[in-house]
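The sequence and model are shown first.

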Amino acid sequence: MDFAALMSKEITKAKGGSSSEQKDTPKVPEKKYIRRGEAEAARIAAYNEEQERAQRDREERMKQKRKLEEEEAVRRQEREEKRRRLAEESRKKREEEEAAKERERRKRLGLPEVPPPGEKGEDKVKEDEEEIPDQELVEKLREMGEPACLFGETHRGRLRRYRRLVQRSLTPQQQLSDGPIPTTLELVPEKDMKISTALPKDTEGRKYLFRQLASYFNMVLGEWELALAKRDISVKQSLQGRQAYNAMVQSKENMKPLFRKFEKVDVDDRVLEHVVEIVHNAQLRRYVDANDAYLRLSIGKAAWPIGVTMVGIHERSAREKLHQSDQQAHILSDEITRKYLQSIKRCLSFAQTRWPPDDQLQIMG
């Protein structure tokens with residue numbers, strides 16, 4: 001064999017071996033185009049993976065945060081416990097020092113020793129009082145509509161509270177009458193409300209007079225409230241309607257001190273005389289006369305000087321009449337009196353519209 005044939009054979013053998021190795025290694029074909037569904041699936045998979053990673057990060061952060069909060073709560077609790085313990089120790093030490101000083105002072109002055117704290121009367125149950133078990137005591141308090149246990153309340157404190165409630169329930173309570181102004185006075189029927197101008201001298205007569213006055217004013221206020229409630233909704237919501245309702249409510253509030261005076265039978269005779277005259281004339285539907293009595297009570301008969309009252313260095317002969325005590329107005333004595341007298345005037349103004357007079361000359365301007 002010649003040299004050329006031998007070289008050709010070797011070259012062919014070399015080419016055949018490399019080609020067999022290439023056949024054994026598979027080649028992945030590269031796609032030039034992909035489908036839209038495959039791209040969407042790849043995007044969704046990447047998004048889900050991103051969300052899972054973010055969720056794991058959040059959980060890790062929350063776990064770390066809870067751990068820090070728990071550690072901070074433990075440290076805070078330890079600080080509070082330490083502060084409370086130090087405060088308790090300081091209090092006990094201060095009490096011991098004060099008790100030692102008190103014992104030394106009593107010993108120096110020759111006074112008896114201070115009894116121990118556990119022997120105080122407020123911490124011991126009296127011998128004549130029956131001890132009640134805690135469960136039974138809780139049931140009794142609940143039956144009375146009271147809380148079973150207050151904050152920081154011990155069994156002794158709960159027992160004292162129960163006995164106070166029982167004592168209060170046994171005490172007779174005065175019943176309040178129904179009406180615009182609740183009062184403990186027993187109201188009289190309408191046929192017995194008519195009063196006279198003479199003031200009674202005895203206590204029983206005054207009590208009955210105050211019952212009549214309270215009944216009359218409650219009747220007027222009740223009729224006033226009913227008349228305002230019967231108005232149309234447009235009138236109620238108007239400015240004048242709201243002002244009328246506010247005047248009625250204010251009158252009720254301002255007359256409560258007068259009712260308290262009726263209950264205590266404590267009304268000044270000078271004021272009571274004019275109030276009785278006002279109510280008497282109002283019951284007779286003589287509203288002008290009632291208004292005159294109100295003016296005498298509110299303004300009085302004192303002279304109101306106009307112009308020059310002092311000429312020269314000498315005082316005029318009639319000047320002392322300007323300051324007579326029996327002619328001064330009572331409405332200016334204090335604010336409470338002024339308010340309930342003004343409420344009486346408002347009741348009088350309503351009464352002439354609810355019960356108009358037969359004589360037109362008795363209508364107030």
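## Basis and overall fold

The model is predicted, so local features need pLDDT of at least 70 and side-chain atom pairs count only at pLDDT 80 or more, whereas totals for chains, interfaces and linings use all residues. Residues are numbered from 1 along each chain as its sequence is written, and side-chain values use heavy atoms, with hydrogens and water left out.

The chain contains 10 helices and zero strands. Helices here are DSSP runs of H or I with at least four residues, strands are runs of E with at least two, and both are numbered from the N terminus. Of the 365 residues in the chain, 22% are buried; buried means under 20% relative accessible area, exposed over 50%, and partly exposed in between, for a 1.4 Å probe and protein chains only. Contacts (heavy atoms within 4.5 Å) that join residues at least 24 apart make up 62% of those between residues at least 6 apart in sequence.

For residues 138-165, an unreviewed UniProt entry lists "domain: Pre-mRNA processing factor 4 (PRP4)-like". UniProt positions follow the numbering used here, feature names are shortened, and annotations may be inferred rather than shown by experiment. In the model this span is 61% helix and 0% strand, and its end C-alpha atoms lie 13 Å apart.

## Nonpolar cores

In soluble globular proteins, nonpolar side chains tend to be buried together. A nonpolar core is taken as a set of buried Ala, Val, Leu, Ile, Met, Phe, Trp, Tyr and Cys residues joined through side-chain atoms within 4.5 Å. The largest such core has 43 residues, and those with the most contacts inside it are Leu213, Tyr216, Phe217, Met255, Phe262, Val275 and Ile344. Two or more residues of this core come from each of α5, α7 (239-264), α8, α9 (287-298) and α10 (335-354). Helix α5 gives the largest share, 11 residues.

Ile344 illustrates the packing. Not counting residues up to four places away in sequence, Ile344 touches Phe217, Met255, Leu258, Val275 and Ile278. There is also a second, separate core of six residues, among them Ile132, Leu159, Tyr162 and Leu165.

## Cavity and pocket

Rolling a probe the size of a water molecule over the atoms shows where empty space is left. On a 1 Å grid over the protein atoms alone, a cavity is a set of points where a 1.4 Å probe fits but cannot get out; a pocket is an open set with protein on both sides within 12 Å along at least five of seven lines, and lining residues have an atom within 4 Å of a point. Grid points are joined across faces, edges and corners, and a volume is the space filled by probe spheres set on the points.

The whole structure has one cavity of 30 Å³ or more. Residues lining the largest cavity are Tyr216, Phe217, Val220, Ile278, Val279, Ala282, Ile344, Cys347, Leu348 and Ala351. At least two lining residues come from each of α5, α8 and α10, with α10 giving the largest share, four residues.

The second largest pocket is lined by Glu190, Met193, Lys194, Tyr216, Met219, Ala282, Gln283, Arg285, Tyr287, Ala351 and Trp355. Helices α5 (203-229) and α8 (269-283) each supply at least two residues of this lining.

Ala, Val, Leu, Ile, Met, Phe, Trp, Tyr, Cys and Pro count as nonpolar, Asp, Glu, Lys and Arg as charged, and the others, Gly among them, as polar.

| Space | Volume | Lining by class |
|---|---|---|
| Largest cavity | about 60 Å³ | 10 nonpolar, no polar, no charged residues |
| Second largest pocket | about 220 Å³ | seven nonpolar, one polar, three charged residues |

## Individual residues

Arg285, one of the residues lining the pocket, lies in the loop between α8 and α9. Arg285 has a positive phi of about 65° although it is not a glycine, and counts as partly exposed because its relative accessibility is 34%.

Val265, in the loop between α7 and α8, has a positive phi of about 55° and is likewise not a glycine. Val265 counts as partly exposed because its relative accessibility is 30%.

His280 belongs to helix α8 and is buried, because its relative accessible area is 16%. Apart from neighbours within four places in sequence, His280 is in contact with Ile195, Ser196 and Thr197.

Leu361 is placed in the segment after α10 and counts as exposed, because its relative accessibility is 70%. The C-alpha atoms of Leu361 and Val288 are separated by 7.9 Å, with the two residues 73 apart along the chain.
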